[in-house]
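Q: Could we go through this structure together? I would like to begin with a single residue and then turn to the overall picture.
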Amino acid sequence: MFFDFIDELRAAGIQASFKEHLTLLEALDRDVIEQTPEAFYYLSRATFVKDEGLLDRFDQVFNKVFKGILTDYGQDAVDIPEDWLKAVAEKFLTPEEMAEIEKLGDWDKIMETLKERLAEQEKKHEGGNKWIGTGGTSPFGNSGFNPEGVRIGGESKHKKAIKVWEKREFANLDNTKELGTRNIKMALRRLRRFAREGSADELDLDATIDGTAKQGWLDIHMRPERHNAVKLLLFLDVGGSMDPFIKLCEELFSAANSEFKNLEFFYFHNCLYEGVWKDNKRRWQERTNTWDILHKYGHDYKVIFVGDAAMSPYEITHQGGSVEHMNEEAGAVWMQRVANTYPATVWLNPVPEKQWNYSQSTKMLKQLVNDRMYPLTLDGLDDAMRELSRKAGA
């Protein structure tokens, strides 16, 4: 079984070397954990998973190899959440049964009655319409049929379950899933380059101890604070087709703002033109000339565009092609100027990568940023940060 486990981990793309296998066996041999399935799960996960983006994948492998090993059903008493019980009572009782239950009193009494029904069951049950079991039409169990119910163990057959008792949710940590602020921060850290600049306002403990020992009196040394020295320009597409991605862009903006001390951000719509802005409510009154940005911020800045790249191709290629104003120069001209001024430029696209070939404008913008367009997923953001780190000697 252990060899099957290793093979399945490797097949799922999780590094499982001979050394890690021996580490796991040694830990088991020395009794570093309790002899329980749950303790073994956490030990093996700590041994093999080096990237939290693979946690969900590890769970799937563990479930496949050690099927049912983590179930509590039939071992310890488990409290059923009352909202589950309420949903079942509302959906599966006939009007006559509901009338009987109403005589019991309020919902609290109804919950007690359903819990008692669960407590009454003492053995395996098959083919019924009431108890927890297999087959039959009961809303609790597996391998039977009910329009909606709670599947406890077993395999899904009719896809009718409204709850799955053994389901484990790690989807937000999967490499292919959209990001949360915490995961974005971890990916952005690939772009860190620390330096000590500015005023000396932080105590240098090592130098203070050294100086005190040499001088014979308290010799305090200060130093500049250590911070991320990377400089970043962030351009965010807003409005229109970007509305479904507002939450994701907010999380990216929040993460970048906390990770980079030298961050400047600007908004644009669809494609970059001669003006950008910082306040969407005053985007026509308070705009920043794009030329000013190119002259103000040095070539060592790294640039990230965030947008779905979905628009009419004319908005990129033609003078006056913008949907909002008569742009004097085509969007492609401005995109080329940015790419030429800042060698470290990438585009993050929240639209799934498999859909990009269906959009002419997406293919055009990808070409304008020298094919450095990446999906806004954990893997895509990681690749984008690697690319930015390679540029300009970062």
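A: In this predicted model, E274 is partly exposed, with a relative accessible area of 28%.

Q: Why does E274 count as partly exposed?
A: Its relative accessible area is 28%, and partly exposed covers values between the 20% cut-off for buried and the 50% cut-off for exposed, so E274 belongs there.

Q: Where is E274 placed?
A: E274 lies in the loop between β8 (262–268) and β9 (275–277).

Q: And which residues does E274 touch, leaving out those up to four places away in sequence?
A: E274 touches T288, N289, T290, H325, N327, E328 and W334. As for T288, its C-alpha atom is separated from that of E274 by 8.5 Å, and the two residues are 14 residues apart along the chain.

Q: Changing topic, how do α1 and α2 pack?
A: Helix α1 (residues 2–11) and helix α2 (residues 18–29) pack at an angle of about 140 degrees, and their axes are 12 Å apart. That angle makes α1 oblique to α2. The crossing of α1 past α2 is right-handed.

Q: Which residues make that contact?
A: From α1, F2, F3, I6 and R10 take part, and from α2, F18, H21, L25 and L28. The residues of this contact comprise 6 nonpolar, 1 polar and 1 charged.

Q: What about the whole protein: how many helices and strands?
A: The protein has 15 helices and 13 strands. Of its 394 residues, 42% are buried.

Note on methods: Residues numbered from 1 in each chain as written. Predicted model: local features only at pLDDT ≥ 70, side-chain atom pairs only at ≥ 80, totals over all residues. Heavy atoms only, no water. Helix = DSSP H or I, 4+ residues; strand = E, 2+ residues; numbered from the N terminus. Buried < 20%, exposed > 50% of the residue type's maximum accessible area, 1.4 Å probe, protein only. Axes fitted to C-alpha atoms, helices over the stretch in contact; angles between N-to-C directions. Parallel < 35°, antiparallel > 145°, perpendicular 65-115°, else oblique. Left-handed = near helix turned anticlockwise from the far one by under 90°. Contact = heavy atoms within 4.5 Å. Nonpolar A, V, L, I, M, F, W, Y, C, P; charged D, E, K, R; others polar.
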